[in-house]
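Please read the following report beside the sequence and the three-dimensional structure.

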Amino acid sequence: MAPEKQPQRKKIEATGQMMQIMADYFYDLNEAAASPTRKVAWCTSVGPAELLRAMGFAVHFPENHAAMLGATRMATELIPEANTMGYSPEICSYLTADIGAYLKGVSPLAKAYPGIDAPPQPDVLVYNTNQCRDVQDWFSWYARELKVPCIGISSPKNFTELTDILIDDVCQQMEALIPTLEEISGTKLDMAKLQETVARSRECTELWRQVLETAANTPAPLTFFDGTIHMGPAVVLRGTQQAVDYYQQLLAELQQRIAAGEGAIEGEQHRIYWEGMPVWGRLRQHSELFAGLQASVLVSTYCSSWIFPDFDAADPIRSMAKAYLSLFIVRSDAYKEAYITQMLKKFKIDGIIYHDAKTCPCNSNSRYGLPQRLEQQTGIPSLVISGDLNDLRCVSDEQTRTNVEAFIEQLEEKRC
Ligand code: SF4
């Protein structure tokens, strides 16, 4: 008997172009680290990348490297290396996997990009705790290990209204980074360059928003699983022309799909919102699981976290402070509920999946009654799946499959 044909996620043609610009980015980082004149900064994923780029630093994002460790399923074996140094298995598995990779001297970059053995050695480490405290601990570990300066921003958290007092605080902290960065880079900050960089970040972010919002169409032309891959340039290349050019190309392809009435998965029946981190080592399995149930996981808080509408070239530093404070992850539950509610409406969502990631409480919004409150307010059912972003020991594939299948069945019954 011929095997049953499983619905698949449709391939995005621009993927080849994205892989090329990511390769160019990593080779450039590698060259910068080897160069006697260029400087390398490590930056957290929602840290002040524009400032670093405008000052000529090549910018490496350890979270991107850690996600690669997860996606290549190298992370789980590396985490215990960091655990033996006193870094608990309960804390961020990006942190433990990345430090574990350093201690073991391995990197997924070595396999993907011949000639690159490891992430570039930093000249400075720059964090923003807007997302969590773990990033500061993570960078502090490298600062001690590599004897490199570590500077950053301690961000306010859990607020509903973004006030001038909060923006002033972060703006001043950002300005206070400049003298140290000038000393390390050996150049004065050129405001015109910073304005240009912020303008390009704004353009990138606007295009990324348009890309993600194509999923409001029925059927949705892209999924959350596509988003996790195609967000690469928005994370590591925001502020550059390459990222802008790439998202123009991707958007054009998705608009063609919409015009042709093509969905990312065949026969879309259910429209799902994903709340929380992806399980990097299970992207393909999860994509196939949902596609097989004709459920399109089409939008997420996670991928939308690289939309920064507040960037303003006319007021670069203050607008960066505002942009990096406006993020979902920094806000109170009251704000988060209002945000998700409008996303459910905009994307015509039938059900929500909350990923309760064991080692990332900040990106797991199922622990303080938010799913129950939202379900009561909107009538949209939800399912919490337990797992982790990188540590596959926290993931039960069987339980995930059974729970997701039962949830989709529940959505089907609701439609009848
Ligand atoms: S937000 Fe979560 S995954 Fe990201 S660095 Fe912090 S703890 Fe790790």
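The largest nonpolar core has 120 residues, where a nonpolar core is a set of buried Ala, Val, Leu, Ile, Met, Phe, Trp, Tyr and Cys residues joined through C-beta atoms within 7 Å, and a residue is buried if 20 or more other C-beta atoms, placed from the backbone, lie within 10 Å of its own, exposed if 12 or fewer, and partly exposed in between. Helix 9 (residues 191-213) gives the most to this core, with seven residues; helices are DSSP runs of H or I with at least four residues, and strands are runs of E with at least two, numbered from the N terminus. Among the residues with the most contacts inside the core are Ala41, Leu52 and Val126. Leaving aside neighbours within four places in sequence, Leu52 is in contact (C-beta atoms, placed from the backbone, within 7 Å) with Ala41, Cys43, Phe57, Val59 and Val126.

This is a predicted model, in which local features need pLDDT of at least 70 and side-chain atom pairs count only at pLDDT 80 or more, while totals for chains, interfaces and linings use all residues. Residues are numbered from 1 along each chain as its sequence is written.

Most residues other than glycine have a negative phi, and most peptide bonds are trans.

The peptide bond from Thr218 to Pro219 is cis, with omega near -5°, and Pro219 lies in the loop between helix 9 and helix 10 (224-230).

Technical notes
Contact = placed C-beta atoms within 7 Å.
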